[in-house]
Amino acid sequence: MALVELRGVTKIYDLGGEKIHALAGVDLDIESGEFTSIVGPSGSGKSTLMHILGCLDTPTGGAMSIDGIRVEKARPKELARIRNRKIGFVFQFFNLLPRLTVQQNVELPLIYMGYSAARRRERAMEVLGLVEMDNRSRHRPSQLSGGQQQRVAIARALVNEPRIIFADEPTGNLDSNTGEKILQLFHELHAGGRTLVLVTHDPDIAGLTPRRIEIRDGRIADEVDTRLVRGTEQSRFALTRDDRDAVGDSPREA
Ligand SMILES: Nc1ncnc2c1ncn2[C@@H]1O[C@H](COP(=O)(O)OP(=O)(O)OP(=O)(O)O)[C@@H](O)[C@H]1O
Ligand SMILES: [Mg+2]
């Protein structure tokens, strides 16, 4: 069983009469250790999909499991529990709490997990070290640059050792230089064995992740998985989702 499994997942927003089919039936497997990017035009359903994947929202129909736990019908309290134990989420606008220090922001998920103050501090400083922000632990978010705030947000996403990290346009609000550093950090996390899913508008960013999924009109329209293509650079783009289905016995399922 894959770490994340979606089968026929739909999301319909009902705006009093007008129904918006934001997701129109998504089948998706994500294995542990993968680094996947999701691309697609504005309004195609990327954020909707990420919010469902990240257990911030529930689907209208279909089935979904994370780490073997069925989540499509979970109540808000159960969903919060799964989120807290299994998932790290990184937002475009960082979403740090302005009144808390850097360290307190990062400690927050651990409070819900019942860690003692001493263990919280130790663990928060550990992940802040990982993103090279341990020297700013007493600062408030407003005293940091955008890139620094995003590194703190990544530390917060990592602090509970999640099974998977979702990031929705994590570089969308950063200049290209700072964005590149954040991406480098994601690549390092992937090299360290972490599982990551990233939404991006930028084809250059998507081009560097081993697996890419394209969403159109709430459906997966195309997929490239470089790990199925050993060899030349141009063949990275040769394999589509249909090809992969034809290949069948993929290494990911082995
Ligand atoms: N809370 C909501 N209520 C009603 N409709 C919504 C809501 N959120 C999203 N939608 C609609 O669902 C569709 C998919 O939106 P979504 O935010 O997932 O797109 P996106 O691919 O993330 O776009 P972008 O690249 O602009 O961020 C759009 O038509 C959008 O208007
Ligand atoms: Mg979006």
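**Helix α3 against α5.** I began with the axes of helix α3 (residues 102–112) and helix α5 (residues 146–158), which come within 7 Å and cross at roughly 30°. I take axes as lines fitted to C-alpha atoms, for helices over the stretch in contact, with angles from 0 to 180 degrees between N-to-C directions. Helices (H or I, at least four residues) and strands (E, at least two) are DSSP runs numbered from the N terminus. α3 and α5 are therefore roughly parallel to each other. The classes are: under 35 degrees roughly parallel, over 145 roughly antiparallel, 65 to 115 roughly perpendicular, the rest oblique.

I listed the contact next: V102, N105, V106, L108 and P109 come from α3, and V152, A155 and R156 from α5. Contact here requires C-beta atoms, placed from the backbone, within 7 Å. By class, I find 6 nonpolar, 1 polar and 1 charged residues in the contact of α3 with α5. Ala, Val, Leu, Ile, Met, Phe, Trp, Tyr, Cys and Pro count as nonpolar, Asp, Glu, Lys and Arg as charged, and the others, Gly among them, as polar.

**Ground rules.** The model is predicted: local features need pLDDT of at least 70, side-chain atom pairs count only at pLDDT 80 or more, and totals for chains, interfaces and linings use all residues. Residues are numbered from 1 along each chain as its sequence is written, while chains are lettered from A and ligands numbered from 1 in the order in which they are written.

**Helix α3 against α4.** I turned to helix α4 (residues 117–130), which packs on α3 at an angle of about 120°, with the axes 9 Å apart. α3 and α4 are therefore oblique to each other. This crossing is right-handed. α3 contributes V102, Q103, V106, E107, L110 and I111, and α4 contributes R120, R121, R123, A124, V127 and L128. I get 7 nonpolar, 1 polar and 4 charged residues for the contact of α3 with α4.

**Four-stranded sheet.** I read the strand order of this open sheet as β2-β1-β4-β5, with antiparallel pairing. Strands pair if DSSP finds at least two bridges between them. β2 (18–30) and β5 (69–70) are the edges, each pairing on one side only. β1 and β4 run antiparallel, joined by 5 bridges; R7 has A63 as its bridge partner in β4. β4 (residues 61–66) joins β5 over 2 bridges. I66 stands opposite I69, and S65 opposite R70. In the β4–β5 hairpin, with 2 residues between the strands, D67 takes a positive phi near 55°.

**Six-stranded sheet.** The order is β6-β7-β8-β3-β9-β10, with mixed pairing. The twist averages 15° from one strand to the next. I found 6 bridges between antiparallel β9 (residues 211–216) and β10, with E214 opposite D222. α5 lies across β6 and β7 (164–168), at about 165° to β6.

**Ligand 1.** Which residues are around ligand 1? I list Y13, L15, I20, A22, G40, S42, G43, S44, G45, K46, S47 and T48; the cut-off is a C-beta atom, placed from the backbone, within 6 Å. The largest share of this shell, 3 residues, comes from α1. By class, the shell has 4 nonpolar, 7 polar and 1 charged residues.

Note on methods:
Two residues are in contact if their C-beta atoms, placed from the backbone, lie within 7 Å. A crossing is left-handed if the near helix is turned anticlockwise from the far one by less than a right angle, and right-handed if clockwise.
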